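The sequence and structure come next.

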Amino acid sequence: MTMAENKYIRMRYELFALDGDDKLPILVEKTSVDTPFEFITGLGYTLPDFEANVIALKPGDKFDFVIPCERAYGEYDETRLKTLPKEIFRDNNDHFAIETVYPGNVIPMENEDGLQLDALVKEVNTTNVVLDFNHPLAGVDLQFRGEVFNTHEATPQEITAFLTLMSDENGEHDH
């Protein structure tokens, strides 16, 4: 199937993570009629499998599909857990940054190439901080259920506006 480039799609959906052996759905994200999800195909904004599943739908069509983790955000990778010395996490007063570096918080980090990455603080102990650089949805299958509201060939103005929006974001997309 060939992807149609630059198709504007507006929809509502519920995203469920299918985690664990029982694959019970856990609601991760929900849009609505009042807060729809809008995107333009062919721009790399969504997961390729998400786009492939909704591109042919018409207004009023409902959908329910699963994207396996290896085609979404990949398997959970233990090598993306990093233990760093606690002393590198200093605030402006040269104290440990307790206000931002605590278990469960996501903090921005920079790798050796200067690339910004988000890391989940997994553990803080007396000497180290354990960070998880996996995508929050790594290792889980994703189930999307929803309904398409509108589709049309995107206008040049819509494409320009959407590309501007994309360049203003961090590049994190769960769809």
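Setting aside neighbours within four places in sequence, Glu147 is in contact with Met11, Arg12, Gly60, Asp61, Lys62 and Phe63 (contact means heavy atoms within 4.5 Å). The model is predicted, so local features need pLDDT of at least 70 and side-chain atom pairs count only at pLDDT 80 or more, while totals for chains, interfaces and linings use all residues. Residues are numbered from 1 along each chain as its sequence is written, and side-chain values use heavy atoms, without hydrogens and water.

Glu147 belongs to strand E9 (strands, E, are DSSP runs of at least two residues and helices, H or I, of at least four, numbered from the N terminus). Glu147 counts as buried because its relative accessibility is 18%; buried means under 20% relative accessible area, exposed over 50%, and partly exposed in between, with a 1.4 Å probe and protein chains only.

The largest nonpolar core has 27 residues, and Met11, Phe39, Phe50, Val54, Phe63, Leu142 and Phe144 touch the most other members. Such a core is a set of buried Ala, Val, Leu, Ile, Met, Phe, Trp, Tyr and Cys residues joined through side-chain atoms within 4.5 Å.

E1 gives the most, six residues. Another core, of eleven residues, lies apart and includes Val121. Val121 stands opposite Leu131 in E8.

How values were computed. Pairing = 2+ DSSP bridges.
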